[in-house]
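Colleague: I would like to learn how to read a structure of this kind, one feature at a time. Could you take me through it slowly?

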Amino acid sequence: MTDLRTGAVDGAKTYDLGHAAAEMDRLTVQAAVMAPITRRLFEEAGIGSGMRILDIGSGAGDVAILLADLVGPAGEVVGSDRAPEALKVARTRIEALGLGNVTFREGDPGEMAFDRPFDACVGRYILMFLADPATMLRSLAHHVRPGGVMAFHEVDWDGARSVPPVPTFDRCCAWLSETWRRVGADPRMGMNLHAAFLAAGLPAPSLRLEAIIGGAADDPQRLLVTSEIVRSMVSTIERVGVATAAQVDVDTLSERLLDELRRSGGVIAGRSEIGAWCRL
């Protein structure tokens with residue numbers, strides 16, 4: 001049915017970031033920045049020690065690693081992804097960390113069969129790439145026991161802003177939001193989680209919203225999440241006609257952003273990080 005990362009099969013939207021080594025590295029850096037937000041979501045949703053969790057769209061395994069710590073040695077994490085190259089990276093990382101409570105399966109989790117139900121099904125930055133998120137949520141809910149948890153973390157790019165304006169940052173956000181729209185992804189999936197849960201026949205979810213915010217004195221790694229996505233997306237940004245490579249100028253992009261932020265004396269707030277969860 002769906003290829004959560006490549007969009008190569010009907011039902012999924014295009015995931016234009018790919019799975020090259022540089023992109024896997026970028027995702028790992030982003031995951032380190034976003035991990036506290038995702039962790040708070042999962043903890044508030046009730047995910048904890050001893051639980052059995054299904055992680056969809058595992059990619060390089062960052063969410064699975066976070067979950068392995070939450071559920072502990074008595075718990076179990078089963079990750080899934082349609083991209084074998086991403087799962088190869090994930091399995092290598094899990095082995096290096098010695099995490100015996102994490103395994104991965106290649107394929108579409110909505111169509112997989114499992115020997116027993118899960119206590120929770122989770123995903124991060126996955127539903128925005130699906131043509132029909134509600135149908136996927138409905139399928140995934142069948143893998144979760146009664147009383148179990150459905151918890152998903154998505155973004156809303158319309159939440160990004162700078163005060164006073166930091167033009168390079170604002171342009172990066174606009175480029176990305178429009179590019180996602182043109183390739184068929186949903187840059188506002190975070191705000192659409194509530195509707196997707198209801199359309200899937202799930203209970204109305206609880207919601208939480210956070211954002212990465214900071215000024216020039218903050219950790220550059222946190223501030224440059226957006227410009228690094230632009231770096232990975234520049235060929236797609238140009239291909240769909242949002243901006244030219246010369247306009248983006250990736251070689252100076254991060255430096256320009258930080259310089260403008262320093263001169264403005266203000267702050268930038270990244271896209272809204274929105275979590276939704278319910279019990280079945």
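Predicted model: local features only at pLDDT ≥ 70, side-chain atom pairs only at ≥ 80, totals over all residues.

Colleague: Which ring pairs with that of F152, and why is the pair called edge-to-face?

Modeller: The idea is to look at the distance between ring centres and then at the angle between the planes, where an angle over 60 degrees counts as edge-to-face. The rings of F152 and F197 have centres 6.5 Å apart and planes at 80 degrees, so this pair is edge-to-face. F197 is also buried, at 0% relative accessibility. Because F152 belongs to strand 5 and F197 to helix 6 (residues 189-199), the pair ties together parts that are 45 residues apart in sequence.

Colleague: How many aromatic pairs are there by this rule?

Modeller: The count comes to 3 aromatic pairs. One of them joins F114 and F118, whose ring centres are 5.0 Å apart and whose planes stand at 85 degrees, so it too is edge-to-face. F118 is buried with a relative accessible area of 0%, while F114, at 18%, still counts as buried because the cut-off is under 20%.

Colleague: Which residues touch the most other members of the largest nonpolar core?

Modeller: To read a core, one follows the buried nonpolar residues that are joined through their side chains. The largest core here has 64 residues, and those touching the most other members are L137, M150, F152, W180, F197, I237 and V248. Helix 5 (residues 167-183) gives the most to this core, with 7 residues. There is also a second, separate core of 25 residues, with A45, I65, A90 and V102 among its members.

Colleague: Which strands are joined to strand 10 by bridges?

Modeller: Strand 5 (residues 144-156) runs antiparallel to strand 10 and is joined to it by 8 bridges, and strand 7 (residues 206-210), also antiparallel to strand 10, is joined to it by 5 bridges. A276 of strand 10 is the bridge partner of F152 and also of L207. Strand 10 (residues 272-279) is mostly covered, for 7 of its 8 residues are buried.

As a general point, side chains in a regular strand alternate between the two faces of the sheet.

Colleague: How do strand 1 and strand 2 run, parallel or antiparallel?

Modeller: Strand 1 and strand 2 (residues 76-81) run parallel and are joined by 5 bridges, with I53 having V77 as its bridge partner in strand 2.

Colleague: What does the side chain of R52 reach?

Modeller: R52, placed in strand 1 (residues 52-56), is buried with a relative accessible area of 7%. Its side chain reaches the backbone oxygen of R116 at 2.7 Å, and the backbone oxygen of P117 lies 3.2 Å from a polar atom of the R52 side chain. Residues that R52 touches include E76, V78, D115 and F118.

Colleague: Where does S227 lie, and what polar contact does its side chain make?

Modeller: S227 lies in helix 8 (residues 225-239) and counts as buried at 1% relative accessibility. The side chain of S227 makes a polar contact with the side chain of S254 at 3.2 Å, and the residues S227 touches also include C172, L253 and L257.

Colleague: Is T92 buried or partly exposed?

Modeller: T92, found in helix 3, is partly exposed, with a relative accessible area of 48%.

Terms used. Residues numbered from 1 in each chain as written. Heavy atoms only, no water. Core = buried A, V, L, I, M, F, W, Y, C linked by side-chain atoms within 4.5 Å. Buried < 20%, exposed > 50% of the residue type's maximum accessible area, 1.4 Å probe, protein only. Helix = DSSP H or I, 4+ residues; strand = E, 2+ residues; numbered from the N terminus. Polar contact = N/O pair within 3.5 Å; in protein donor to acceptor, adjacent residues only side chain to side chain. Contact = heavy atoms within 4.5 Å. Pairing = 2+ DSSP bridges. Phe/Tyr/Trp six-rings, centres within 6.5 Å; stacked < 30°, edge-to-face > 60°. Lists of a residue's contacts leave out its neighbours within four places in sequence.
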